[in-house]
Amino acid sequence: LFLEQPLGAGQGLDLSRDHAHYLFNVMRLGPGAAIAVFNGHDGAWLAEVVEAGKRGGRLQCQHQITPQRDPPDLWLIFAPIKKARTDFIVEKAAEMGAARILPVQTEFTNSDRIRQDRLQAHAVEAAEQCCGTFVPVVEDLQPLSRLLANWPEGRALIWADEGLAETAAPAPMPPAPAALLIGPEGGFSPSERDRLRALPMVHPISLGPRILRADTAAVAALTLWQSTAGDWA
Ligand code: SAM
């Protein structure tokens, strides 16, 4: 369970109405039950239910069960697509250990709004489900051009583009700090491609000889990076 509260031995933790409903009605837990909690930076802790009410409850932290483990410094930058597929990308990016998730508007991006709070909640659920100790921050939508104009020094930008000449083997991945860039369903425009090609921090990559859907491409790129330059390498 993800709780934005300090964790430590003996620490009391307050439960919101939603958490109380989930733990006591859905999971049918009661006083004395033990659950794992994390807050994104203090590792995972075992906590005991000490009060179970309809509108809230209280836990008490016992001991740390997993030390804090942050993922490598990898961002996933993607252009939002249909709602369910955007949810999928955020969920899978959190599972695959992206440290930060940045939705961007590109020339061919269909949506000009996202529900950032909803996407952040998906990232929390994904971290809870894969027993992580870290939750990636999901940023609000911003233009790709603005992100590129303020690009942080020293961070490689790995640009996945299906228009690149196919290589026999996947290109080597630059190490962290890095960012993966996945385009929308319509791909990148000719002027975006020109701009990206001219930037010194850009490493263009192919994800193979088939055109993948944007959500598949995001998962494929994350897997490729984690397995060659990330914490699975
Ligand atoms: N422009 C294409 C079109 O309209 O036919 C398709 C774009 S593709 C559905 C969406 C994004 O996934 C691309 O912008 C790219 O970032 C990524 N992508 C898909 N297949 C890829 C591949 N084989 N290599 C590299 N990137 C790929």
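**Exercise 1. Find which residues of the largest nonpolar core touch the most other members, and where the core comes from.**

Step 1: A nonpolar core is a set of buried Ala, Val, Leu, Ile, Met, Phe, Trp, Tyr and Cys residues joined through C-beta atoms within 7 Å. Buried means 20 or more other C-beta atoms within 10 Å of a residue's own, exposed means 12 or fewer, and partly exposed is in between, with C-beta atoms placed from the backbone.

Step 2: pick out the residues. The largest core has 42 of them, and L76, A93, I158, A160, L180, A218 and A221 touch the most other members.

Step 3: go to the elements. Two or more residues each come from β5 (74-78), α2 (83-95), β6 (100-105), α3 (116-129), β9 (156-160), β10 (178-182) and α6 (214-228). Helices (H or I, at least four residues) and strands (E, at least two) are DSSP runs, numbered from the N terminus. The largest share, seven residues, is from α6.

A word on the model: it's predicted, so local features need pLDDT of at least 70 and side-chain atom pairs count only at pLDDT 80 or more, while totals for chains, interfaces and linings use all residues. Numbering runs from 1 along each chain as its sequence is written.

**Exercise 2. List what L180 touches, leaving out residues up to four places away in sequence.**

Step 1: read off the partners of L180: L74, L76, I77, I158, A160, A221, L222 and W225.

Step 2: look beyond this core. A second, separate one of 14 residues includes L13, A20, L23 and W45.

**Exercise 3. Describe the surroundings of the ligand.**

Step 1: count the neighbours. There are 18 residues around the ligand (C-beta atom, placed from the backbone, within 6 Å). The closest are A160, G183, G187, L207 and A217.

Step 2: sort the shell. You get eight nonpolar, five polar and five charged residues. Here Ala, Val, Leu, Ile, Met, Phe, Trp, Tyr, Cys and Pro count as nonpolar, Asp, Glu, Lys and Arg as charged, and the others, Gly among them, as polar.

**Exercise 4. Is R28, with its positive phi, buried or exposed?**

Step 1: locate R28 in the loop between α1 (17-26) and β2 (34-38).

Step 2: check its phi, which is near 60 degrees, a positive value in a residue other than glycine.

Step 3: count neighbours. R28 has 8 other C-beta atoms within 10 Å, so it's exposed.

Note on methods
Two residues are in contact if their C-beta atoms, placed from the backbone, lie within 7 Å.
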